[in-house]
Amino acid sequence: MYSADLTAAFNLLHKEKLVEIMLRMGLPGYLFKIIHNYFSDRTGYVQIGNSRSCVLDIKTGCVQGSILGPVLFNLYTSELKSIVSPCSMVSYADDTYVIWEGETSGALCRQLSDTMNAHFEWLGMIGMKCNLEKTELIVFGHDRIEVDLKEFGVKIQSKDSMKILGILVDSNLKWESQVNKISARARSFVFSLRYLRKFLTLQEIENVFKAQIIPTFTYGAPSWSNHLSYQLRARLRSAYFFLLRAIIRDYNRRLNRSGMLGVMGLESIDTILFKRTSVFLFSLVYNLQPTNICFKLLSKCYHNDRTPDKLYFSDTSRGKKGKLCITNQAKNITEQWDFDWLTLSKESFKTKLREQCSSVLV
């Protein structure tokens, strides 16, 4: 899998090319006339203090931070799928990840070289600029490879991990890099929390902990938290309680972990991760979105007449690949829900889950 790092992506959108793409897509004429007007006669200036630059015409780019911005950018790059076909592609605004499969490293390098050359040439045709030095490549289940992009005079070496929307993914899918990143962030918070503790009450520092620290530990948790080994999960717990001990100032280690949670009025990191992953899984079933994941998930579920308000998921743990299957993860999670959940609303499910976790330490 490789990612294409675009330089100033939203600022390089050309309205004429966007209108051409919309015409090829068969969108109605009044729509691209509105879009063309939206991009026309735009000006801007820079002001620092009381000093203001001259007014300049803005001929390219779409407004970042607007609702329409990502939609227009998606339209602008909508033809990329046909350029990199037949590989898989996952995009989120200007973040694009292209996935190839190959039997040998030699075949994979050739296929990747052809695809990446076509990809980057196409970006140049639509006015986008790709930063080849920041383009990342990762190989799953194989040794490192090197892709030679002769047309651009660059060689791209695969890495052991890649950051995808803020989550570090290892080439062996063990998530060690993600846990190491969280542990390092936790250590960096210690000084700030100790300093704040001088001026804030325990209740106030608890609010800071919930707002700043817990999101660091749980970001993207449904993707990685159920795949951690015992050692990595223990490392995550240690980082979590290391911060709690610093806040409570229990330097002599008089309190055990349960005592620290009681003083702070917090849940364990295992309980928090379980709740986040449970709500995510329930949302998949409840909203049937995203469709492709729901299809994989629900294709291996079955119903039991004795418990009509539950779904059961088949065990697909045969082999290493099966253990990572989302249906097997769903089976492990739903078996821990000790209540009927199929007919509940999302808010009712959260209430039931909260009641369960408050009575039983997960």
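I started today at Leu165, which sits in the loop between strand 11 (161-164) and strand 12 (167-170); helices (H or I, at least four residues) and strands (E, at least two) are DSSP runs, numbered from the N terminus. I noted a positive phi of about 50° for Leu165, although this residue is not a glycine. Leu165 is partly exposed at 39% relative accessible area (buried means under 20%, exposed over 50%, partly exposed in between, with a 1.4 Å probe and protein chains only).

A note on my source: this is a predicted model, where local features need pLDDT of at least 70, side-chain atom pairs count only at pLDDT 80 or more, and totals for chains, interfaces and linings use all residues. Residues are numbered from 1 along each chain as its sequence is written, and side-chain values use heavy atoms, with hydrogens and water left out.

Next I looked up Leu173, in the loop between strand 12 and helix 6 (176-197). Its phi is positive too, near 55°, and Leu173 is partly exposed at 32%. I kept both entries because most residues other than glycine have a negative phi, and most peptide bonds are trans.

Then I turned to the prolines. The bond from Ser85 to Pro86 is cis, with omega near 15°, and Pro86 lies between helix 4 (80-83) and strand 6 (88-92). Gln289 to Pro290 is also cis, with omega near -5°.

Last came the rings, which pair if their centres lie within 6.5 Å (Phe, Tyr and the six-membered ring of Trp; planes under 30 degrees apart are stacked, over 60 edge-to-face, the rest tilted). I get 15 aromatic pairs. Tyr38 and Phe39 are edge-to-face, because their centres are 5.4 Å apart and their planes at 75°.
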